Structure formats: structure tokens, C-alpha cells
Amino acid sequence: MSTNDINEKPFTFRFIDTTPRVLLELKNTTEKTLRSVEILTVFLKDLETPDGGPSQAHIKFDAVKSIHPKDSAVLSHRTWINGKPVNDARDQMERLKIIAGEANPYVLDISWENPEGKARFQRIPVVH
């Protein structure tokens, strides 16, 4: 394994505003096809407890079989609140977006397999 593999940061992302949901697009910036791409569940800060108690809402993303070189994929997601999936009207993806003047505690933890079948990971802070 080379040092470049360890520090590889192949993904960028952007939010896509659609009605009624915000979607997440993940882009493969490399010249290689990356397989079994997954974003780990994002647990959202609890808005009802002043000190941020246990998370009541989280966003789960569907895995993507592969993303080709310089290509992107819009990842399907589902918001869960109190252990139950919610409809589009209660989707929480908007909370991942940056609000001017506020700190954003969220990150996207991404796992994938490189062309050699080795598992790799990247952490992207959700900032613009």
C-alpha cells in the first residue's frame, strides 16, 4: 500500500435543492471506478434538549454499487425520527446544510472499495 492510498480523498459533495427534499450528490474526482460506496448514518443533534441529548433523528443513505471516474451519483436517503421512517414533509436533510454564522457539527463518513478491492474511508466535514 502506498502513502497516497491512505491520504486519498476521492469524493466531493454538494446539496441539490429540490421540492420537497434536499438531495446529496457525491462526485468521484479520481480516474478510477470506486465500488460499494456508502455514507454512514448521520445522527442529528437533538433540537429539543439544550445540551444536545441523545439523537432522536438520523439520516440513512442507500449504498451505491459504483461511481465511475469523474462521475457523480445522487444518493437516496431516508430520515428516521424516534425509530420510524418519516415522509418528505419531515425530512431532515436541510439540517446538514450550512447556516451563515452557525457552527456545523456534521461530517460525512464515506466508505468504498478501490479497484483492488481494498476498503477505504474518507471523512468530509459538511462545510462550504
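## Close-up views of a predicted model

View 1. At a relative accessibility of 22%, D109 counts as partly exposed, because a residue must fall under 20% to be called buried. Everything in these views comes from a predicted model, so a welcome to it starts here with one pair of side chains. D109 joins R123 in a salt bridge, with 2.7 Å between N and O. The two residues sit in distant parts of the chain: D109 belongs to strand 10 and R123 to strand 11 (residues 119–125), 14 residues apart. R123 has a relative accessibility of 53% and therefore counts as exposed.

**View 2. The whole chain at a glance.** How many helices and strands does the protein chain have? There is one helix, and there are eleven strands. The chain has 128 residues, and 38% of them count as buried. Among contacts with a separation of 6 or more, 54% join residues 24 or more positions apart.

**View 3. Inside the largest nonpolar core.** This core has 28 residues, and F11, L26, V37, L96, L108 and I110 are those with the most contacts inside it. Strands that each supply at least two of its residues include strand 1 (11–17), strand 2 (22–28), strand 3 (34–39) and strand 10 (107–113). Strand 5 (57–61), strand 6 (64–67) and strand 7 (72–75) also each supply at least two. Take a moment with F11: leaving aside residues up to four places away in sequence, its contacts include L26, L34, V37, I67, I110, W112 and I124.

View 4. Strand 1 and strand 2 are joined by seven antiparallel bridges. To find one place where they meet, look for F13, whose bridge partner in strand 2 is L26. In general, strands of a sheet pair through backbone hydrogen bonds.

View 5. The whole structure holds seven salt bridges. One of them joins the side chains of R21 and D91, at 3.6 Å from N to O. R21 is in the loop between strand 1 and strand 2, while D91 is in the loop between strand 9 (84–85) and strand 10; they are 70 residues apart. Are these two residues buried or exposed? Both R21 and D91 are buried.

**View 6. Two loops tied together.** E31 and K70 form a salt bridge, and their closest N and O atoms are 3.6 Å apart. Because E31 lies in the loop between strand 2 and strand 3 and K70 in the loop between strand 6 and strand 7, the pair ties together parts that are 39 residues apart in sequence. E31, at 62% relative accessibility, counts as exposed. K70 has a relative accessible area of 46% and is partly exposed.

**View 7. A network of charges.** The last stop shows D17, E94 and K97, which are linked in a network of salt bridges. Side chains of opposite charge can pair when their charged atoms come close.

Technical notes
Residues numbered from 1 in each chain as written. Predicted model: local features only at pLDDT ≥ 70, side-chain atom pairs only at ≥ 80, totals over all residues. Heavy atoms only, no water. Core = buried A, V, L, I, M, F, W, Y, C linked by side-chain atoms within 4.5 Å. Buried < 20%, exposed > 50% of the residue type's maximum accessible area, 1.4 Å probe, protein only. Helix = DSSP H or I, 4+ residues; strand = E, 2+ residues; numbered from the N terminus. Contact = heavy atoms within 4.5 Å. Pairing = 2+ DSSP bridges. Salt bridge = Lys/Arg side-chain N within 4 Å of Asp/Glu carboxyl O.
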